[in-house]
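User: I would like to go through this complex chain by chain. Please answer each question briefly and end on the value or name I ask for.

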Amino acid sequence: MNEQRLRNLTLLSPAVLFLAAFILAPLLLMLYVSVLERGPFGGVVWGSHTGIAYQKLLYERDLLGRLSFNSDYIAIFARSCRLAAMTTLITFLIALPTALYMSTLSRKQAAWILFLVTIPFWTNLLVRNFAWILILRGGGVLDTFMQWTGWVTQPLDILYTPLATGIGLTYSFLPFMILPIYVALERIDPSVIEAAFDLGANRLRVLQRVVLPLAMPGIIGGAILVFVPCLGAYVSPELLGGGKSLMIGNLVQAQFGASRNWPFGAALGIVLVLALLLVIAMAALANQHKKRVSR
Amino acid sequence: MNGVAIDFARVSKTYPGASLPALNGVSLSIRQNEFFTLLGPSGCGKTTLLRMIGGFDYPDSGDVTLSGIKIGRTPPHLRRVNTVFQSYALFPHMTVAQNIGFALEMLNRPRDEVRRRVDEVMGLLRLDGLGDRHADQLSGGQQQRVALGRALAPKPEVLLLDEPLSALDLKLRKAMQVELKRLQAQTGITFVFVTHDQDEALTMSDRIAVMQSGVIRQVGRPDEIYERPADLFVAEFIGDANFLESTCCARSGADGEFQLDGQGDQAPWIKVDKVGHVAVGQKAVLMIRPERVRVVAGAGAALTGRVFETIYSGSSRMVHAKLPNGTLLRARLDGLPVSGALPDEVGFYMDPAALTAFVR
Amino acid sequence: MSRHKLLSSRINATVAALAILFLYLPIVTLVVLSFNDNDLTTIWTTVSVKWYLAVLQNGDILRATKNSLMVACAATFFATCMATLAALGMVRISRGPRVLLEGLLGLPLLVPEIVTAVALLILFVLIGFPLGLTSVTVAHTVFCIPFAYYPIKSRLAALDQSLLEAASDLYASPRRRFFRVELPLLSSGICAGALLAFISSLGDFVITYFVAGPGATTLPIYIFSLIRLGVTPEVNALSAIFLFASIVMISIAFVLLQSISEQKKPKGAA
């Protein structure tokens, strides 16, 4: 074997082997577990294969052994999808103007804003969601403020609702949307925009016909970075949603905690992975389509 | 006669993915203690050849020899060859003194010897007092001298210079050309210099190799290359030249006579010395440098032309004329006082020894 | 570079300002309230640092902090070493295999945390690996690797190859060249990568929650359990301390990353 190639492989092997062992293998294992039989005290019965976990997503068995359609889990998926989609949309609506503003600043100023935007991301997720508890709870900051200004007379009941979860999610993932869009905007050649204005387009038109299409890869990237983690989010729904707005993440955690249904938890994990693959595939298709259109 | 420092024997190299070879069977001998230049347009292979001496590229076939020892695949750190890079490549995390002393450190020389040699080199290159600075605190010219000093400090057998002056402004460039020439003479090290600037090559070199598309077109002293280019490419690449399409109409010994095309049978016959292998009836291109074309009185001259432009540039005038067959001829008149404009119709005389005939 | 001055608009500026406000409102609220003397966190009485003192004296908290730091140091160390080696090895890999390999390296960041958590838990239980600080360290190393990898890769890509050639040219053996030239030049990338890995390890909750065993309480897990019990001022003060530490570390990392991107700028004629 070529000496250079041997050297490269040796250098790569620790990281590659480690990750193959501790993320690839576990994911495959999770797939396997999802088709195993649930153990009597939690865990699984190795070697006993069944598709029951997947069946549980849609159906439940009553005491007489009859199958009937169960929409509970579908409802949770739907809610998760809805919240994830809403969060993606709202973060986009906030992130786009913000990124546009940043691209009009000098390099140094933009770097500062970028810094400000990224800091919250790096502080602990729990702490950040906890802060929202302080704000949103009955008698919390928001409530106190609202009552002080007299805009409302009764305490707002925001905490432990899907709205609270939505706020938490938007807050957690906003930086994920700002950064890719900003990077994409930076890549646009300013003379293209100048030319558009030169040709008589007003600002709105320029945005619509020039800027957005060119920034699309960044927008799609941001959308993936927000949608997928939102779908599988655990902290925000757990702390802010209460029992009323369970998302897939909470459901999964329950299977490894109280409910002790590992195969089902694994099956839910597989569903999340499939959702991830679907989203990536859609994004790749959108990119392909764009390339074909622009030819 | 000096011994051979570097020898290339039928060296070829094709980069992976390239359709054409970078070097195609190149053979070349560079002598010790000479200032040798590799000259040619971008992509001609001169940098590849240089990198092979340094050990940064290996030949696909053929031998590279340094002072008699084959160094084909020896890695750079085992060759007594040092390089001045085009981008200088000064180590940003080290001071000037550390940069210059780096090679000696790698050769495990004692610390006081290193310090002495570094001081010596800094003095030689007028870098005194800059020892503690870092590369980004120096001017372009200073960085260039540090790169030079760093490569000279370990007293290599051969010094490679990869277009080291290309980033400098004109005045600094001229000054460095003189300095490099002086350094080479002073140190006695073989310098192999790569450039695409033919003026630079002609000024500085003991010998030049003109390259094109992976082959060497001609090797020789600057005056040989200039006065007697080996082929059309060299003639076109070096200096300024007139090219006249013609046909050979007579041979006598080593000399010959040519008739310019496009003027019919009445065209004047032009004598050319040392025509080489041109047969009667064969087409050839005659080359003459503008400064060798003499302007004479129109009447009675064999070759006449119509002047349509005269460009004045201080020390000389360039006369642009059109010959009866439509060809452009340029003549450079040096040092003549500007005594009135030239007549419209002038005669030209071209010394047979100043003409070269090339078969296409 | 591209400064799209023509796109300036007051709407954008306003939204941007509101976005920044939105991002910092909770943080500021948290910090301000942590100085509240009152037991009931959101009803203001007077300024006091008593909750901070309470936190610093709390044995459980100190133990959890120690655990977090140990795990973070170990995970960062292993991850940074592996990531550095991987970045060095990736340089000469051709495009096809490179996409796959870098995909693997980035996988921990792409997969939702809860999926990684579940998968790792299943693995540990299957192979009988005891759940404790070690399992947490292994799990953290998994996502620390990509965090460390990207800044190092970035720095390596910006490294002028002719510097390495110059080192060899000047008689440095491959080993000496690596330690005297390549590694020092990579150091800003390695430091930035290590910092990012460290910060993410300190702050991780979901994965840790799943693979930690009894006695392996890290700081985020402890905070979570406190929040579960109800909003208390200690949580508040603790959160504020955590916040402050994160901000300091990420600021340093940011400065390092900026210096790396500065070196990427093409060198003008000297």
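**Contacts between the chains**

User: How many residues of chain B are in contact with chain C?

Analyst: Two residues are in contact if their C-beta atoms, placed from the backbone, lie within 7 Å. On that basis chain C contributes 18 residues, and the number from chain B is 22. This is a predicted model, in which local features need pLDDT of at least 70, side-chain atom pairs count only at pLDDT 80 or more, and totals for chains, interfaces and linings use all residues. Residues are numbered from 1 along each chain as its sequence is written, while chains are lettered from A and ligands numbered from 1 in the order in which they are written.

User: Which helix of chain C gives the most to the side that touches chain B?

Analyst: Helices (H or I, at least four residues) and strands (E, at least two) are DSSP runs, numbered from the N terminus. Two elements of chain C give two or more residues to this side, helix 7 (161-169) and helix 8 (174-203). With six residues, the one that gives the most is helix 7 of chain C.

User: How many charged residues are on the side of chain C that touches chain B?

Analyst: Ala, Val, Leu, Ile, Met, Phe, Trp, Tyr, Cys and Pro count as nonpolar, Asp, Glu, Lys and Arg as charged, and the others, Gly among them, as polar. By these classes the side has ten nonpolar and three polar residues, and the charged ones number five.

User: Which pair of chains has the most contacts?

Analyst: Chain A and chain B have no contact, and their closest C-alpha atoms are 14 Å apart. Chain C is in contact with chain A through 74 of its residues, against 78 of chain A. Of the two pairs of chains that touch, the one with the most contacts is A and C.

User: Which helix gives the largest share of the side of chain C that touches chain A?

Analyst: That side divides into 56 nonpolar, 14 polar and four charged residues. The largest share is 13 residues, and it comes from helix 1 (residues 10-34) of chain C.

**Inside the chains**

User: What does helix 6 of chain A pack against with its buried residues?

Analyst: A residue is buried if 20 or more other C-beta atoms lie within 10 Å of its own, exposed if 12 or fewer, and partly exposed in between, with C-beta atoms placed from the backbone. In helix 6 (residues 141-149) of chain A the buried residues are Val141(A), Leu142(A) and Asp143(A). They pack against helix 5 (125-136) of chain A together with helix 1 of chain C.

User: What percentage of the residues of chain A count as buried?

Analyst: Chain A has twelve helices and four strands. Its C-alpha trace spans about 75 × 75 × 35 Å along the principal axes. Of its 295 residues, the buried share is 43%.

User: How far apart are the centres of the two domains of chain C?

Analyst: The bounds, from an automatic or database domain assignment, are 9-48 for domain 1 and 61-263 for domain 2 of chain C. Eight residues of domain 1 and seven residues of domain 2 take part in the contact. Taken over C-alpha atoms, the centres are separated by 30 Å.

User: Which residue is the bridge partner of Gln259(B)?

Analyst: Chain B has an open sheet of five strands in the order 13-12-11-14-20, paired antiparallel; two strands pair if DSSP finds at least two bridges between them. Strand 12 (residues 255-260) and strand 13 of chain B are joined by four bridges. In strand 13 of chain B, the partner of Gln259(B) is Trp269(B).
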